[in-house]
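Please read the following note beside the sequence and the model.

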Amino acid sequence: MMVVDTISSALSSVRAGRANGRRLRGSGAWGMRFPSFAGIGFHVLLRGEAWLVAAGTPPARLRPGDLVIAPNGAEHGLGHAPTRLDKLPVFPATDLPAPRSADTEFLCGAYRLDHGRLHPILRGLPKTIVVSPDRTHHPELATLVSLLENDVAQVRQGNWVTRSALVDLVLVHALRHWYDAPDATGMTATADPAIAAALDQIHERPQHAWGVEQLAGVAGMSRTSFNRRFTVQVGLPPMTYVTYWRLACAARLLRQTTFGLATIARQVGYSNEFAFATAFSREYGLAPGRFRNHPDPLPR
């Protein structure tokens, strides 16, 4: 369970980004390539059959109900038949007219980060993941997909709230299904209970004055061994990760609350708003106030 909680915490770091959702349709000899992006996304095959195409792996056949997750925004493609990724046309950023009749239909969702970095644990997951949920024993995912499908179909007040919540929940449940599968690979740091224990404490208490010695004690390791193992498995040294997580939490608070900068600074472990603003600007390329007020495009 700690592994799943660590992934869920990693997902929370993208909530400062934009949640998008849309339906895609294909008919006849169709195909589309999705360029890499900063964020995490998924496709759910609603109807028909399709093939997932990704670099370095054989094409994978998809059936209705299957989910494709791109945990770190890696380039990938979908098509009516297996092919090479570079043979597929790039999917345009703007909406295309839907065909009158379609053989295949997808529901897609994503969190896109305009500023900041994707969580290192998400960067360490496989480039693409295919999940085939058992609807009989786990109907929750099908229910969430249905709710997101309805949300994407209409533009209404509150779309920002519902879209973000539903995209988030689909991702959490899909990754949980994947982790429960016997052939799940690529868990890296989250599979190490010692490192996961330290990550859990950082995630739960970003305001705490963490040090490497204290975190090593949480993991039950010597300082030297912990520092080395954490850096290798997470991809960042422990204190660099603490700073990353504090600022990711701050970014989410800036977007989702009206708390003042001094309050947010205290909640994420900074003694004052000036130290917080300096660190935030260095990581996100924008001052906290500008980040909070930065306009986002309407969800689609």
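**Note on helix contacts and a pocket**

1. In H5, Ala-194, Ala-197, Ala-198, Gln-201 and Ile-202 meet Leu-215, Val-218 and Ala-219 of H6, where contact means heavy atoms within 4.5 Å. Helices (H or I, at least four residues) and strands (E, at least two) are DSSP runs, numbered from the N terminus. By class, this contact of H5 with H6 has seven nonpolar, one polar and no charged residues; Ala, Val, Leu, Ile, Met, Phe, Trp, Tyr, Cys and Pro count as nonpolar, Asp, Glu, Lys and Arg as charged, and the others, Gly among them, as polar.

2. This is a predicted model, in which local features need pLDDT of at least 70 and side-chain atom pairs count only at pLDDT 80 or more, while totals for chains, interfaces and linings use all residues. Residues are numbered from 1 along each chain as its sequence is written, and side-chain values use heavy atoms, with hydrogens and water left out.

3. The axes of H5 (residues 193-204) and H6 (residues 212-219) come within 8 Å and cross at roughly 125°. Axes are lines fitted to C-alpha atoms, for helices over the stretch in contact, and angles run from 0 to 180 degrees between N-to-C directions. H5 and H6 are therefore oblique to each other (under 35 degrees is roughly parallel, over 145 roughly antiparallel, 65 to 115 roughly perpendicular and the rest oblique).

4. The axes of H6 and H7 (residues 223-234) come within 9 Å and cross at roughly 85°, which makes H6 roughly perpendicular to H7. Val-212, Glu-213, Leu-215, Ala-216 and Ala-219 of H6 make the contact with Arg-223, Phe-226 and Asn-227 of H7. Its residues divide into five nonpolar, one polar and two charged.

5. Strands S1 (18-26), S3 (39-47) and S8 (104-112) each supply at least two residues of the lining of the second largest pocket. S8 gives the most, with four residues. The lining residues divide into 10 nonpolar, seven polar and three charged.
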